[in-house]
Amino acid sequence: MVSAESLYKDKTVNKTSNIKQFEWTVVEKNRLVERQDFVHIAVLVTIALVIGVYLIATTVLISKDGTLYIECARKTVDVARGEGQAPGYPFSIYLMHKAAGVFYDTQSLQGWIISAQAVSLLSKLIATIALYFVGSYFVGSRLSFWGVLILSILPDSVGYGSDALTDWPNVMFLAIGFLLLLSGVRYRKPWIFGCAGIAGGLGY
C-alpha cells in the first residue's frame, strides 16, 4: 500500500523535474535565437565590410563635402569649432588618422582620405548591427535580416558608407539611441533612457 508521504514525494519530484525541463527548453530556445542572430549579423557585417573595403580601394575622388570635413580634421583649432559644421565627424576623422598613423605617412592627403572613409565604413558596420536588433524588435530576426541586407546593398547606401560623409555616422548614433530607447521601455531602467538621449545628441 502506497503511503500519502510517498505520493507527496513523487508529486514533488515530478513537479521539480517538469520545472527543470521547462527551464532547459527556454534556455535552449534562447541559445538558438542567439546563434541565429549571430549568423545574421556575421553575414550582414561581412557583406558590408567586403563591399566597403572594395569601394574604398577603388575610389578615385571623394565627395566635395568630404574635403571640407577632412580640412576641418587637419586643423586642430577647427576640429573644436567645426568651422560652422558639426565637429563630431571631423574629430572622428582626426582620431582615426592618429590611430592609423602607424600604417602610412601621416602627412599624406591620401592618409586623411582613407581615415575619413574608414570612419564612415566603421559607422556603417555598427549601424548595421543596431538596425538589425531594432528591426528584430518589431518584425522578427528573419525579416529584419532581409531588410538590413537590402539597405546595405542599395547603391546610395553603399556609396555613402565608403565616402567621407556624415550619413552613416549619424545613422549609427540614431540607431543606437533608438535601440536604447526600446531597451529602456522593455526593462524600465531610467539610466537607459539617459544613454539613449546621449546617443541621439551625438548623432546630431
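**View 1. Helix α8 gives the second largest pocket the largest share of its lining, five residues.** This is a predicted model; local features need pLDDT of at least 70, side-chain atom pairs count only at pLDDT 80 or more, and totals for chains, interfaces and linings use all residues. Residues are numbered from 1 along each chain as its sequence is written, and side-chain values use heavy atoms, without hydrogens or water. A pocket is an open set of points on a 1 Å grid over the protein atoms alone where a 1.4 Å probe fits, with protein on both sides within 12 Å along at least five of seven lines; lining residues have an atom within 4 Å of a point. Helices are DSSP runs (H or I, at least four residues), numbered from the N terminus. The lining consists of D37, F133, S136, Y137, L179, L182, S183, R186 and Y187. Five are nonpolar, two polar and two charged. The volume is about 230 Å³, the space filled by probe spheres set on the points.

**View 2. The largest pocket holds about 460 Å³ of space.** Its lining has 20 residues. Nearest the centre lie G88, Y89, S92, P169 and F173. At least two lining residues come from each of α4 (88-99), α5 (109-139), α8 (167-187) and α9 (190-203). The lining has 13 nonpolar, seven polar and no charged residues.

**View 3. Helix α2 spans residues 64-74.** G66, Y69, I70, C72 and A73 are buried (under 20% relative accessible area, 1.4 Å probe, protein chains only). Seen down the axis, these buried residues fall within an arc of 155 degrees, so they line one face of α2. The arc is taken from the directions from the helix axis to the C-beta atoms.

Conventions. Ala, Val, Leu, Ile, Met, Phe, Trp, Tyr, Cys and Pro count as nonpolar, Asp, Glu, Lys and Arg as charged, and the others, Gly among them, as polar. Buried means under 20% relative accessible area, exposed over 50%, partly exposed in between (1.4 Å probe, protein chains only).
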